[in-house]
Amino acid sequence: MPELTVVVPAYNEAAVLDAFHRRLAGVLDTLALDCAVLYVDDGSTDGTWSAIEALLAGDARVRGLKLSRNFGKEAALTAGLDHVTEGAAVVIDADLQDPPELIPKLVAQWQAGHDVIYATRSARAGETRLKRLTAAGFYRTMERLSDTPLPRDTGDFRLLSRRALDALAKLRERQRFMKGLFAWIGYRQTAVHYQREPRHGGHTKWNYWRLTQLAIEGITSFSNAPLRLATWVGMGSSMLAFVYGLWVLTKALIWGDPVRGYPTLMLVILFLGGVQLLALGVIGEYLGRSYAESKQRPLYFVEEAHLRDRRP
């Protein structure tokens, strides 16, 4: 069984897989470890699976997993890690923004006794200023809001020891934010810094809408700050409604009001609006997440798998 498995989630990455694997294979050749590579096709619509099958035929270390449809990167990552039954695992994307050449440094920290070694970006080449600013804002917001400390400027690129993988396998929540789960399991964690490169080919799948959804998922999964915000907004609205209601009532008593019943109507509407905002915020967040978890749907389905060791 391999001592180290590199898990590579891929969605429409046919344009870069060959170049990625050449660089990755060159790195694995230098390691004094029994290594394997597990590519997870997350329901790609291009030739990604055909490219993986070609790699299967050309390199005995390669294994492939094809999901039945596009379940999203978090689910694809989970599927890959679930199928690492022995040894440690490295998680890396196929777009070559995260350099495979960093893996020996991760391995060195693992062999020194760490369980989770994450790669932290000291620079982000090939990204717009707006994306760098929003990414920095997200990580710093999570740092303040989450009860689980998340490392800054750190993606999914990391190495997980056997006991870290075993712990992660017990976390089967449906709304998954893997960066938070990696941090939540604890154990001995450390960082390796690197400069992120521009994308080698193809197109990014993470537009601002999907990044916003991921940010919301991360915040709601690892912080109750949105619920507290709803509470404070509701309380603030109620207080403003009370103050404004006193003003309307005082004005009506002193100067009169030409519209009969207006003060009472405004007081009731504003007060109930604040209370409803509070209630809807709390109920909506809890109900939405509880509903998703209560269905207990599988995280993914596998359509095709090539997992056997084909080495002599």
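These points cover helix packing, nonpolar cores and salt bridges in a predicted model.

1. Helix 1 (residues 17-28) packs against helix 2 (residues 48-58) at an angle of about 35 degrees, and their axes are 10 Å apart. The crossing is right-handed. On the helix 1 side, the contact uses L17, D18 and H21, while helix 2 supplies T48, A51, I52 and L55. By type, these contact residues are four nonpolar, two polar and one charged.

2. The largest nonpolar core has 35 residues, and L4, V6, Y39, I103 and F157 have the most contacts inside it. Helix 1 gives this core its largest share, six residues. Leaving aside residues up to four places away in sequence, F157 touches a set that includes V90, I92, L102, I103 and Y194. A second, separate core of 26 residues includes A89, L165, L181 and F182.

3. Nine salt bridges are found in the whole structure. In one of them, the side chains of K66 and E303 meet at 3.8 Å, N to O. K66 is in strand 3 and E303 in strand 8, so this pair ties together parts 237 residues apart in sequence. E303 is partly exposed, at 49% relative accessibility.

4. D93 and K73 also form a salt bridge, at 3.0 Å, N to O. D93 lies in the loop between strand 4 and helix 4, and K73 in helix 3. D93 counts as buried because its relative accessible area, 14%, is under 20%. K73 is buried as well, at 17%.

5. The salt bridge between R162 and D166 has an N to O distance of 3.0 Å. Both residues are in helix 6, four residues apart, so about one helical turn separates them. R162 is partly exposed at 25%, and D166 is partly exposed at 38%.

Terms used. Residues numbered from 1 in each chain as written. Predicted model: local features only at pLDDT ≥ 70, side-chain atom pairs only at ≥ 80, totals over all residues. Heavy atoms only, no water. Axes fitted to C-alpha atoms, helices over the stretch in contact; angles between N-to-C directions. Helix = DSSP H or I, 4+ residues; strand = E, 2+ residues; numbered from the N terminus. Left-handed = near helix turned anticlockwise from the far one by under 90°. Contact = heavy atoms within 4.5 Å. Nonpolar A, V, L, I, M, F, W, Y, C, P; charged D, E, K, R; others polar. Core = buried A, V, L, I, M, F, W, Y, C linked by side-chain atoms within 4.5 Å. Buried < 20%, exposed > 50% of the residue type's maximum accessible area, 1.4 Å probe, protein only. Salt bridge = Lys/Arg side-chain N within 4 Å of Asp/Glu carboxyl O.
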